[in-house]
Amino acid sequence: MGVVMGKVVALVYLSLDGVMEAPAWTAPYFDEEHGQYAHQALFAADALLLGRETYEGMSQAWRGMTDEDGFADRINAMPKHVASATLESAEWNAEVIRGDLGEQVTALKEKYERDILIYGSGALIRSLITEGLVDELKLWVHPVVVGKGKRLFPEGAPTSTWKLGGTTTFNSGALILDYRPAGE
């Protein structure tokens with residue numbers, strides 16, 4: 001039997017026009033179906049991998065929060081790895097990963113057996129895609145045009161090819177496109 005390795009799974013909220021920044025625009029679409037999907041994704045993961053900005057925002061929002069279904073407890077308790085060249089230290093059950101990003105993430109994949117979940121963190125996701133380290137790209141597309149803001153893939157992003165691994169549709173009109181690297 002082979003060695004079981006964790007997968008890097010990036011879950012990204014997107015608008016129809018590709019904006020991922022400040023996703024408060026997702027709130028009108030978030031319902032019980034969305035909550036169940038988010039719950040399953042979080043509980044399928046052993047750890048979170050975050051960029052600095054996402055880590056700082058999430059740690060402020062989630063630290064100390066509790067809820068009935070255990071989502072907040074899970075997100076607060078699980079290990080977090082923060083990719084940052086500027087952050088000196090991290091709290092909230094987190095550590096800053098330094099050095100070669102590809103080597104560090106490969107080591108995380110060897111450390112964990114289940115998913116290593118990335119929320120947001122566009123620059124981190126783009127870097128990991130370039131290094132071939134994103135195993136699943138789950139684009140949670142919301143039926144709204146935001147008009148401006150950071151996009152997951154800005155103009156000039158390197159070309160990469162993906163194959164559709166599945167879709168999830170929600171009654172709200174949002175959907176998840178689950179992509180996997182197409183390979184050579």
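I count a residue as buried under 20% relative accessible area, as exposed over 50%, and as partly exposed in between, with a 1.4 Å probe and protein chains only. The model is predicted, so I kept local features at pLDDT of at least 70 and side-chain atom pairs at pLDDT 80 or more, whereas totals for chains, interfaces and linings use all residues. Residues are numbered from 1 along each chain as its sequence is written, and side-chain values use heavy atoms, without hydrogens and water.

**Entry 1: aromatic pairs**

I paired rings of Phe, Tyr and Trp (its six-membered ring) with centres within 6.5 Å; planes under 30 degrees apart are stacked, over 60 edge-to-face, and the rest tilted. The structure holds 6 such pairs. I looked up Y55 and W92: their ring centres are 6.2 Å apart and their planes lie at 40°, so the pair is tilted. Y55 belongs to helix 2 and W92 to the loop between strand 3 (80–83) and strand 4 (94–97), so the pair ties together parts that are 37 residues apart in sequence. Helices (H or I, at least four residues) and strands (E, at least two) are DSSP runs, numbered from the N terminus. Both Y55 and W92 are buried.

W62 and F71 form a tilted pair, with 5.4 Å centre to centre and 50° between the planes. W62 is partly exposed at a relative accessible area of 21%, while F71, at 12%, counts as buried. I also noted a cluster in which ring pairs link Y13, Y37, W140 and F170.

**Entry 2: charges over rings**

My criterion was NZ of Lys or CZ of Arg within 6 Å of the ring centre and within 35 degrees of the ring normal. K80 lies over the face of W92, 4.2 Å from the ring centre. The charged end of R74 sits over the ring of F43, at 5.6 Å from its centre.

**Entry 3: the largest pocket**

A pocket, on a 1 Å grid over the protein atoms alone, is an open set of points where a 1.4 Å probe fits, with protein on both sides within 12 Å along at least five of seven lines; lining residues have an atom within 4 Å of a point. The largest pocket has a volume of about 1100 Å³, taken as the space filled by probe spheres set on the points. It is lined by 36 residues, and P23, T54, Y119, G120 and S121 lie nearest its centre. Strand 1 (8–15), helix 1 (32–43), helix 2 (52–62), helix 3 (71–77) and helix 5 each give two or more residues to the lining. Helix 2 gives the most, with 7 residues.

Which residues of helix 5 (residues 122–130) are buried? They are G122, L124, I125, L128 and I129. These cover an arc of only 160° around the axis, which puts them on the same side of helix 5; the arc is that of the directions from the helix axis to the C-beta atoms. G132, which follows helix 5, has a positive phi near 70°.

Most residues other than glycine have a negative phi. I therefore looked up S121, which is not a glycine but has a positive phi of about 60°, by reason of the rule just noted. S121 lies in the loop between strand 5 (115–119) and helix 5 and counts as buried at 7% relative accessibility. N93, also not a glycine, has a positive phi of about 60°. N93 lies in the loop between strand 3 and strand 4 and is partly exposed at 43% relative accessibility.
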